Amino acid sequence: MGIIGWIILGLIAGAIAKAIMPGKQGGGWITTILLGVVGAVLGGWIGSALFKVGINEFWSLSTWLLAIGGALLVLIIWGLVTRKRA
């Protein structure tokens with residue numbers, strides 16, 4: 001996939017991850033893209049390391065599941081890092 005494909009995949013995966021996660025997450029659409037792209041890369045790396053399935057094609061179901069799963073993981077970590085202390 002090209003860089004435009006990664007950005008589109010990251011935007012959509014990040015938006016889906018934000019919709020799945022309960023609660024209010026900070027950040028706008030640029031943060032969503034960045035977290036989604038990082039999550040897609042992380043999901044692809046974990047998928048290739050554990051399941052021997054990578055992110056190869058834009059329209060593959062495994063690509064989308066790995067990207068969304070990675071974006072959820074990155075969003076959880078982001079929420080823990082940016083959580084306000086009481």
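Which residues form a nonpolar patch on the surface? The patch consists of Ile3, Ile4, Ile7, Ile8, Leu11, Ile12, Ile16 and Ile20, and together they have about 680 Å² of accessible area. Residues here are numbered from 1 along each chain as its sequence is written. The model is predicted, so local features need pLDDT of at least 70 and side-chain atom pairs count only at pLDDT 80 or more, while totals for chains, interfaces and linings use all residues; side-chain values use heavy atoms, without hydrogens and water.

A patch is built from residues with over 30% relative accessible area and no salt bridge, joining like charges within 9 Å and nonpolar side chains (Val, Leu, Ile, Met, Phe, Trp, Tyr) within 5 Å. A salt bridge is a side-chain nitrogen of Lys or Arg within 4 Å of a carboxyl oxygen of Asp or Glu. Accessible areas come from the Shrake-Rupley method with a 1.4 Å probe, and for residues only the protein chains shown count as cover.

Ile3, one of the patch residues, belongs to helix α1, residues 3–20. Helices are DSSP runs (H or I, at least four residues), numbered from the N terminus. Ile3 is exposed because its relative accessible area is 61%, and exposed means over 50%, buried under 20%, and partly exposed in between (1.4 Å probe, protein chains only).

Next come the helix pairs. Two packed helices are described by the angle between their axes and the distance between the axes. The axes of α1 and α3 (residues 61–82) come within 8 Å and cross at roughly 60°. That angle makes α1 oblique to α3. Axes are lines fitted to C-alpha atoms, for helices over the stretch in contact, and angles run from 0 to 180 degrees between N-to-C directions. Under 35 degrees counts as roughly parallel, over 145 as roughly antiparallel, 65 to 115 as roughly perpendicular, and the rest as oblique.

Helix α2 (residues 29–50) also packs with α3, at about 120° and with the axes 6 Å apart. This makes α2 oblique to α3.

In α3, Ile68 counts as buried because its relative accessibility is 15%. Its C-alpha atom is 9.7 Å from that of Lys18, 50 residues apart along the chain. Val81 is also in α3, but at 63% relative accessibility Val81 counts as exposed. In α2, Ile33 is buried at 15% relative accessibility.

Notes. Helix = DSSP H or I, 4+ residues; strand = E, 2+ residues; numbered from the N terminus.
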